[in-house]
Amino acid sequence: IDAADKFGVVSLKLEAEVCYVKSTTLTIDNILDNLLYADSKNCALLKETVMDFMVKSGDDIIGKVSFDNVPGSVVMDLLTAVARGKKKDNVNSDSSNFKTMRVGTLRKMLHEKGLDVDGSREALIASLKESSHGV
């Protein structure tokens, strides 16, 4: 991921990110490291996977993981993951509500429009909004 990111090889970075997500076992001990790494490298899929783990493991995490040095944008992403978890049961999901869409869905939509699929969740959403408004 680091080398692909450094040299701007997007397809390799995305493939490496998928492999990393599939091969990494998330634990309470490593979630913060993985979260901060994902945030620093704009690995939206890894970040989403960590967030999903945190939402599922919420009760186990409380009091064991400190979020004191976590950037505010990451906290916003965590709230998005919580909201997305609550919407699972909601059959009436809005297909234009990019904020709660999964990273895979955002990337697929961008790819179909011929747009860049690399970047943070915020960057992916901004690209989709921009392309939707014909800007």
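The numbered points below take these topics in turn.

1. This is a predicted model, in which local features need pLDDT of at least 70 and side-chain atom pairs count only at pLDDT 80 or more, while totals for chains, interfaces and linings use all residues. Residues are numbered from 1 along each chain as its sequence is written, and side-chain values use heavy atoms, with hydrogens and water left out.

2. The structure holds nine salt bridges (a salt bridge being a side-chain nitrogen of Lys or Arg within 4 Å of a carboxyl oxygen of Asp or Glu). One of them joins the side chains of Asp-5 and Lys-13 at 3.4 Å, N to O. Asp-5 counts as partly exposed because its relative accessibility is 29%, whereas Lys-13, at 2%, counts as buried (buried means under 20% relative accessible area, exposed over 50%, and partly exposed in between, with a 1.4 Å probe and protein chains only).

3. Lys-47 and Asp-39 also meet through their side chains in a salt bridge, at 2.7 Å from N to O. Here Lys-47 is buried, at 8% relative accessibility, and Asp-39 is partly exposed, at 21%.

4. Asp-52 forms a salt bridge with Arg-102, with 2.4 Å between the closest N and O atoms. This pair links distant parts of the chain, since Asp-52 lies in helix α4 (residues 44-56) and Arg-102 in the loop between α6 (72-87) and α7 (103-112), 50 residues apart (helices are DSSP runs of H or I with at least four residues, strands are runs of E with at least two, and both are numbered from the N terminus). Arg-102 is partly exposed, at 35% relative accessibility. Through shared partners, salt bridges join Glu-48, Asp-52, Arg-102 and Arg-121 into one network.

5. Which residues line the largest cavity? They are Ala-44, Lys-47, Glu-48, Met-51, Asp-77, Thr-80, Ala-81, Arg-84, Val-103 and Arg-121 (on a 1 Å grid over the protein atoms alone, a cavity is a set of points where a 1.4 Å probe fits but cannot get out, and lining residues have an atom within 4 Å of a point). The largest cavity holds about 70 Å³ of space, and α4 and α6 each supply at least two residues of its lining.

Methods:
1 Å grid on protein atoms, 1.4 Å probe; cavity = no way out; pocket = protein on both sides within 12 Å on 5 of 7 lines; lining within 4 Å. Points joined across faces, edges and corners; volume = space filled by probe spheres on them.
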